Amino acid sequence: MENKKQKLPDSGSPATRGPKRPKIPRQPMPEQDPRRRRFNFEEVPRGYAEKNAILEASRCLRCKKPGCVAGCPVNINIPAFIALIAEGRFVQALEKLKEQNALPAVCGRVCPQESQCEAGCILGKKGEPVAIGRLERFAADYARDAGHQQLACTVASTGKKVAVVGAGPAGITVAGDLARWGHHVVVFEALHLPGGVLMYGIPQFRLPKEIVQYEINNLKKLGVEIRTDTAIGLTRTVDQLLEDGFDAVFVGTGAGLPIFLNIPRENAIGVFSANEFLTRINLMKACEFPKYATPPIRPRRAVTVGGGNVAMDAARTALRLGADSTIVYRRGLEEMPARAEEVHHAREEGIAMHLLSAPKRILTDDRNRVVGLECLRMELGEPDASGRRRPHQVKDSEFVVEADTVIVAVGNRPNPLVPRTSPDIEVGKHGTIVADQKTMMTSKPGVFAGGDIVSGAATVISAMGQGKRAAKAMHTYMTGEEPPCT
Amino acid sequence: MAEIHLTIDGRTVTVKAGATVLHAARQAGIPIPTICDHKDLNPYGACRMCIVEIEGVRGFPTSCTTPAAEGMQVRTRSPELETLRRRTLELMFSGHPNTCLVCPHREACESMRPMATKAGRTTRCGFCSNREECDLRNMALQAGGRDLNLPTLYAAHNLERDDPFMDRDYNLCILCARCWRICEKIHGKPAISIINRGRQARVGTAFHKSHVHSGCTFCGSCIDICPTGTLTDRFARWHGKADTRADSACILCPEGCSLTAHVKGGQLVATAMTAFEPDSSLCALGRFGYAQIVNAPTRLLRPTIRDNGESFSVDWDSALDAAAAGLSKHESALGILVSAAASREDRHLYHLLAQELGAKFAAIPATPAGTKPLLPKWVTGPKKSRSSALILSGDFLEDKHLAGLDFLLVIDGLPSPAQERADVLLPAALLSEAEGTFRTASGQIKDLARSSRAPGMARPEWEILWDLGQKLGLKSMAFDSLDHITAAVGEDPAPQAFADAPRHDVRTLPAFYRGHRTADLVPALEAFGLSATPRPLKQDVSIEGFQLLETRELAPNMHLLRIKAPQVAAHAKPGQFVILMAKETSERTPYTLADWDAEAGSITLILEEVGRSSRELALLKAGEVLAHVSGPLGKPFPVAKKGTVVLGGGCYGIGAILPLARALRQAGNHVLSVIEASSAYLLFWEEELRAVSDEVRVATKDGSRGAYGGVQEVFQQIVDQQPVDIFIAVGCTFMMRMVAELTKPWNVPTFVALNPIMVDGTGMCGACRVSIHGETKFACIDGPFFDAHGVDWDELACRKSAYAREEVEALPQAVDLSALMFPGAARPRCGCGR
């Protein structure tokens, strides 16, 4: 972040010139050299300097009907925050962001902007869209470095008690909002550290853990009580929490049940769910073995199955652990659900990709250790329900990818611990909790839910958005009033 | 010399005068069993296995101490001798855990548990790091039969793990006295001897001092000569028996002692003396430090270059290109600083390079603790007189010497602050990873063997320099082979020896290797006053939390922990488990709940010390706080009235079945609890179980209590006597598998609590997946109880061993310095558990 302290341009700042001005190209973000970052866990994009941020912000046309806002799952007032950046009012820009987004430093890094806000940007029709994600990240990082602290907007306590189950993105959002509105919030986390997927899933090089820690510290400063090592459903159930005197409960337990491929020898040594692989490295710090006691994974040839963000994270982590890293994905590059930037970074770092290939079986040695992955070629047919073209197997097209480590990153199902122990919360087809899309209230009064436990495996921003909605509805549910601030 | 003729078992044998009867018999090829005898030790007559009958001599003299005499009539075999030897062996085994021998399931267990369990105490089969090399066991196995008629008297000596490098468990000692005899032979004054008398007799130091203060030089000969698993090398012990041995020499100080490298699967696991002779002794660093340096987790793996301020790893060719380019650019002002702890070939090539490039050259000698090597003026002098480009083969310079360098090439195997500034960093093979020769202080030239694999992309320095010479086009550095380089070295001067040889005095051990502090690489060296790089003290402050209320060693290796965890206690149900982390850096490890008290807010666990995580927990003292206790986890056992329920528990499972027995009996079942242990002294909680069961039966693998065998033998007995509605077994995978195979034909529902490796324990990671009737289940949320008849046991056993090697590496090598200074503080409990 050393380049962030550069001086502002003295005069004639593009911001003052208004929208009609010579064309400014989309500002590139400095990145760590791919030759170097292959071997470290430091963050890859380094963030904008103030100068670049102002330049980039000044590209925004401030449309009357902004497509970006429509594309944003939480409808952030994007032109407004960008205008504040263009004026050099970075902290105010953050506050604007915070109205809709509890975690801008996180979302600026992990949102798939190219298919959300930036997809709606009018500049993108003929050229390149405004780098909204990078600007969001810039404003959040700037405010964090400047020691900005979001304060409670009411001093008076409402006397209401709220239980938040799961300290992931949805839970953090709900806890933060409700604490600022004067409620006593207790967050229950099953793992030993709060943060959920931000902590155990997304690697350091994409989301530095200091940022997550900063958000958690903010919660604590707002008076939120965080109880780790507490798996609701196994200790207290949701029903019991209501009996304990909590006025409302928010369930944000996420999609923490990995899906496997269901192919032969999948339980061989060396086959990991992406969750396990990433948890060992990110949460348990196995890469700092033997200081940390969790045994490290030492892949030489790692094959990751899947095309989402988690697959990219796993493949890039394996690479950093010293492996030749390969991705096997059954559709094409176009169809990959991962953020374009992650796919780009992965390719830049030298990760090989077997596209249109689906795993058929795991090959093992006599000690049940993985030696390879047999795959089948695929071809794309008609679009399926998700709008993506459905892949079909090509007969007799088997081929083998050598591997000592296979990482399965084909998605997660909702964690069953809460639904299993709360029979009167209505559950959907795939084990998701059914919630009202406006209020996020479940079929059980006083119990709200949001994040991946409702939407299946989705994004941080949608979890955060549902958290925002839930917090609002919970406040109204408990007090009968609108929240005192956004 | 005169010759003597004697008759042994009817054969005439001719030996030189002075030979013992044992020598004579061996010379004639007549086998006599021995334990305390060793070819490098004087006869002692301690074990009494080598007894013979000699005509005209009263009783049964020991052949090792009896000189052969003219006309002697010796018998080595007779019914009386066989009986006596058998009794002697039984006596020895009565003081030495012996289930590794007598267990009826020995063969099956050994085939399923090839790796030794990293237990604190050796109490049973699979727990002994020395099983593959145990002389005692080999002799007993040769004698045949597994019935020993004397009970095991476990002496309950404390484990001695506070000294550097060695773990001692005197419960395995058979008082053969090999250790102190070799100590006396090598050092003149032994640091250890037999202390106490009668049943209390044991090996120890004078006044129970720590070995550090007893005059011990840590040459390791006692470990290498011990016939049992009593004395072990902490680093090497769990790696198993070496598959390759290679003679080489130590280059860590000018002494250049000969040593033998012990290698397993390409990994150096230990270095030991080449012979049990005073001249062959090694210092603590040479004996114990070598393998730790070579296996340092911080080893450099990849060539790295710096470009535009960014450094990144590259292939060897690009790195050498960059190095050559940098060197040719800065030829005029180059200095080369190498370590004297290198082969003659490496040094010769560095020297040639210096000559060719007109560079200044200096070799930094190894120095004993307390002294610092002198650096040449051209690196420490005023800035103007300094070389502005350097080649470093180690960590010799401080920041101030490195400032303002135009070019820095580092060729080293270990990290140093200087490398942050290096323009090119080349990873070198170290010590046992490279061939060559070494000239010792006495002028002798010794061969260095390449016996282990270098990590990552590291290469021997002579190879690197040779390639570098080619890249620079230096004709004088073109050699055909290493032998040619050796030939070209010529008469190099012998290095200056240390004033006091490190092998005689631990206070003069080399403090640096290639400029790196040896105590950083081999943490236990701090016990000898060698200082490691100071690290900022980070205190773990626990504000509140999971306090350890009580801790007790119930039986050897089995620890009872009562922990304050109100939330777990309030919700626990029979069959559930918790995940513990002793420290923030610990692994998340699951343990079955053995009991709980919701009112007091405490939980009770019984855990067996079998590796780093359980050891961290076992070593906690009452009052200390655990970092995390997460639970209760897992599905409770579905308690219902079924009729007659038979529970089987082994090791930690004895604790685990207690709450099950209580709940099942309360539900109206007739509950029979069966517990097993290797030997009677390893049983615990029999009374506690009796209080909650209708009947308790016991089995031991040596038959010392109850039925001879395990849980499965008792299950068979019960089924023969009465109908059973459910079997439940909790214990090691082997025991549960045996039970599953036994009950399958009876068609009685059988449940087992599976214990695979877990990470989160809440279903999130899938590490704990098991196959039940061909379907993948997660033991943490679908289990731990499963239908025993549907379990894929081979898969489970395999998955449990996934991290076998890493688990060995995880065991700490540092010693607790405060325990050495205040011996009393490190003895929190008696160790016997009774």
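User: Which element gives the most to the lining of the second largest cavity?

Analyst: A cavity is a set of points, on a 1 Å grid over the protein atoms alone, where a 1.4 Å probe fits but cannot get out; lining residues have an atom within 4 Å of a point. In this predicted model, α9(A) gives the most to that lining, with five residues.

User: How much space lies in the second largest cavity, and which residues are closest to its centre?

Analyst: A volume is the space filled by probe spheres set on the points, joined across faces, edges and corners. Here it is about 160 Å³. The lining has 15 residues, with A:Lys98, A:Ala102, A:Gln150, A:Gly176 and A:Glu215 closest to the centre. Two or more residues come from each of α9 (169-180) and α11 (209-221) of chain A; helices are DSSP runs (H or I, at least four residues), numbered from the N terminus.

User: Why does the second largest cavity lie between two domains?

Analyst: Domain bounds come from an automatic or database assignment. Domain 1 (34-145) and domain 2 (161-256 + 414-479) of chain A both give residues to the lining, so the cavity lies between them.

User: What is the largest cavity like?

Analyst: About 260 Å³ of space lies in the largest cavity. Its lining has 22 residues, and B:Arg124, B:Glu676, B:Ala677, B:Ser678 and B:Lys701 lie nearest its centre.

User: How many cavities does the whole structure have?

Analyst: The search finds 16 of 30 Å³ or more.

User: How are the numbers and letters set?

Analyst: Residues are numbered from 1 along each chain as its sequence is written, and chains are lettered from A and ligands numbered from 1 in the order written.

Note on methods
Predicted model: local features only at pLDDT ≥ 70, side-chain atom pairs only at ≥ 80, totals over all residues. Heavy atoms only, no water. 1 Å grid on protein atoms, 1.4 Å probe; cavity = no way out; pocket = protein on both sides within 12 Å on 5 of 7 lines; lining within 4 Å.
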